[in-house]
Amino acid sequence: MNARLQEIADELASVPPEMQVELLLEHARQFPPLPEKYQAARDAGLGRVHECQAEVYFFPEVEPDAEGGAVRIHADIPGHAPTQRALVGILMEAYDGAPPAEVADIPDDLLRQLGVAKLLGVQRQRGFAGVLARLKHGVAEAAADPDGDASGGVEA
């Protein structure tokens, strides 16, 4: 976990389970809108995370910089899926701007390490595992691409 994700994990661990839900909902309320450059791709069904019951669309990219690149995470998740919005929002908050190597190091049992796995059903956990796999794969692919784009052909 990077430092920002550890701060979020510590904050979640410092409160009882009923307050953890409130903290997650706060992350869901702060979820940013999908940038316009990805809206046509989403409308065409590109970037969909099929493991999620809700229509979750995910567009990771890596902007080139002198230090190996900076991860940018863009997503679209409907408001009726606050759990996925919260969890993806946490990933965005912790890893947007991070180097690709930090994303590769995200633990696969992240929900357990955040202390929220017990709050989620199997389907939501499976959906988040799909999101995490899409993030790691997309960032690795974008980091290997000179254009830094793993968005399925979306023009920046």
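Contact is taken to mean heavy atoms within 4.5 Å. The model is predicted, so that local features require pLDDT of at least 70 and side-chain atom pairs count only at pLDDT 80 or more, whereas totals for chains, interfaces and linings use all residues. Residues are numbered from 1 along each chain as its sequence is written, and side-chain values use heavy atoms, with hydrogens and water left out.

Helices (DSSP runs of H or I, at least four residues) and strands (E, at least two) are numbered from the N terminus. Helix α2 (residues 17-29) packs against helix α4 (residues 82-95) at an angle of about 75 degrees, the axes lying 7 Å apart. The two helices α2 and α4 are therefore roughly perpendicular (65 to 115 degrees). In this contact, L24, L25, H27 and A28 of α2 meet P82, R85, A86, L87, I90 and E93 of α4. The contact residues comprise seven nonpolar, one polar and two charged.

A search of the whole structure finds one aromatic pair (ring centres of Phe, Tyr or Trp, the last by its six-membered ring, within 6.5 Å). The ring centres of Y38 and F59 are 4.8 Å apart and the planes are at 20 degrees, so the pair is stacked (planes under 30 degrees apart). Because Y38 belongs to helix α3 (residues 36-43) and F59 to strand β1 (residues 57-63), the pair ties together parts that are 21 residues apart in sequence.

Technical notes:
Axes are lines fitted to C-alpha atoms, for helices over the stretch in contact, and angles run from 0 to 180 degrees between N-to-C directions. Angles under 35 degrees count as roughly parallel, over 145 as roughly antiparallel, 65 to 115 as roughly perpendicular and the rest as oblique. Ala, Val, Leu, Ile, Met, Phe, Trp, Tyr, Cys and Pro count as nonpolar, Asp, Glu, Lys and Arg as charged, and the others, Gly among them, as polar. Rings of Phe, Tyr and Trp (its six-membered ring) pair if their centres lie within 6.5 Å; planes under 30 degrees apart count as stacked, over 60 as edge-to-face and the rest as tilted.
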